Amino acid sequence: MGNIVLKGLSKKFGNVIAVNNVNTEIKDGEIVSFLGPSGCGKTTTLRIIAGLERPTDGKVYIDDKLVSSKECFIPPEKRNLGMVFQNYAIWPHMTVFHNVAYPLKLKKVSKREIKDKVIRILEMVGMKGFEERYPEQLSGGQQQRVALARAMIMNPIAMLFDEPLSNLDAKLRERMRFEIMDLHKKTGITVIYVTHDQAEAMVLSDQIVVMNQGSIQQIGTAIQIYCEPVNKFVADFIGIANFIECKLVELGKDNHSGKVQILGESGKNPIECLIPLSQKVTLDQEGTIFIRPEDITLLPIDKGEHVVQIERKAFLGSIIDYRIKVGKKEWRIETNPGVNLDVGEKVSLHVKKAVFLTK
């Protein structure tokens, strides 16, 4: 079992609150990402789970066993967790074989068993045949695989990743994401993955924990967080979004939908919107709608709700990125390359999906 529970977890460094009352559960076999900007508390939370930091308040349970609290502290080496760091942390004077074998040697495992386990784990991470090489003879991705093999050699309850791919180039980072996913499928091990890269979190995770200023903002699947964020921070941090000040002019019977009027644009057609279930709203309430660039369709002038002018455009291969102005606000719209409009051209737009967020 690899379930990990955080209850009321807090950490202060002097007057700075790094982690503020974090409550969540990572279930056995899940990949859960802690996602947020630098300084949001995600790495400190991971270090508390690992036993590298003691919490100021709250509790950490691993397999229903209390490992961290004000009164209790189980040291890192007795938590049976594997950890992979951003800078690999492999020893430059040791070969690949000896780097991976090192934890087993500390446990005084027999040479025969060490050899069998090291060869097996290196094969699992795609590093068989590299046993005698030194770290300086390896690429960044290969060094990260060695660090991964070393962390897994002791059959840990769970694996903790602290931004492990941030030092790799974009293509290698993408490939390593899928290799981590494949490894997870083979082992079924619980994974906690800290990252500031939204694409990594969305590709890898069963659940994403979005953090800001030490607190959890939202927990959910990639689809839930992208399509129905609970506040402006989450909407802005995950993907690209247009934010428009508006007023709720019509409310659906289920309180989960309605229509809004853009402030200062009272003569224009209202925009249909979704309302997150977590938000309590009333008619005529002012707030913000957010609209993803791909949720706006550009149409001939007489076919949509709002007539606008193309201000700027950028061809990005699979999409064209347009900038338009609605009133004084610039909107961003993404279309497929088949919709090729000129700067200065007037079109109308149709909003396929918008989400209303209270102030």
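Helix α1 lies across β1 (4–13), β2, β4 and β5 and runs at about 115 degrees to β1. Axes are lines fitted to C-alpha atoms, for helices over the stretch in contact, with angles from 0 to 180 degrees between N-to-C directions. Helices (H or I, at least four residues) and strands (E, at least two) are DSSP runs numbered from the N terminus.

The model is predicted: local features need pLDDT of at least 70 and side-chain atom pairs count only at pLDDT 80 or more, while totals for chains, interfaces and linings use all residues. Residues are numbered from 1 along each chain as its sequence is written, and side-chain values use heavy atoms, with hydrogens and water left out.

## Burial of α1

Of the 9 residues of α1 (residues 42–50), 7 are buried, so the helix is largely enclosed by the rest of the structure. Buried means under 20% relative accessible area (1.4 Å probe, protein chains only). The buried residues are K42, T44, T45, L46, I48, I49 and A50. G51 follows α1 and has a positive phi, near 90 degrees.

## The four-stranded sheet

The open sheet has 4 strands in the order β2-β1-β4-β5, with antiparallel pairing. Its edge strands, β2 (16–26) and β5 (65–68), each pair on one side only. Neighbouring strands are turned by 30 degrees against each other on average, direction ignored.

Strand β4 (residues 57–62) is joined to β5 by 3 bridges, and the two run antiparallel. Two strands pair if DSSP finds at least two bridges between them. I62 stands opposite K65 in β5.

## The β9-β10 hairpin

Strands β9 (residues 207–212) and β10 (residues 215–220) pair in the antiparallel sense over 5 bridges. V209 has I219 in β10 as its bridge partner. The two strands form a hairpin with 2 residues between them, and Q213 in the turn has a positive phi of about 50 degrees.

## Packing of α2 and α4

The axes of α2 (residues 96–106) and α4 (residues 140–152) come within 7 Å and cross at roughly 25 degrees. The two helices are therefore roughly parallel to each other (angles under 35 degrees count as roughly parallel). Their crossing is right-handed, meaning that the near helix is turned clockwise from the far one by less than a right angle.

On the α2 side V96, N99, V100 and P103 meet V146, A149 and R150 in α4; contact means heavy atoms within 4.5 Å. These residues divide into 5 nonpolar, 1 polar and 1 charged. Ala, Val, Leu, Ile, Met, Phe, Trp, Tyr, Cys and Pro count as nonpolar, Asp, Glu, Lys and Arg as charged, and the others, Gly among them, as polar.

Note on methods. Angles under 35 degrees count as roughly parallel, over 145 as roughly antiparallel, 65 to 115 as roughly perpendicular and the rest as oblique. Buried means under 20% relative accessible area, exposed over 50%, partly exposed in between (1.4 Å probe, protein chains only).
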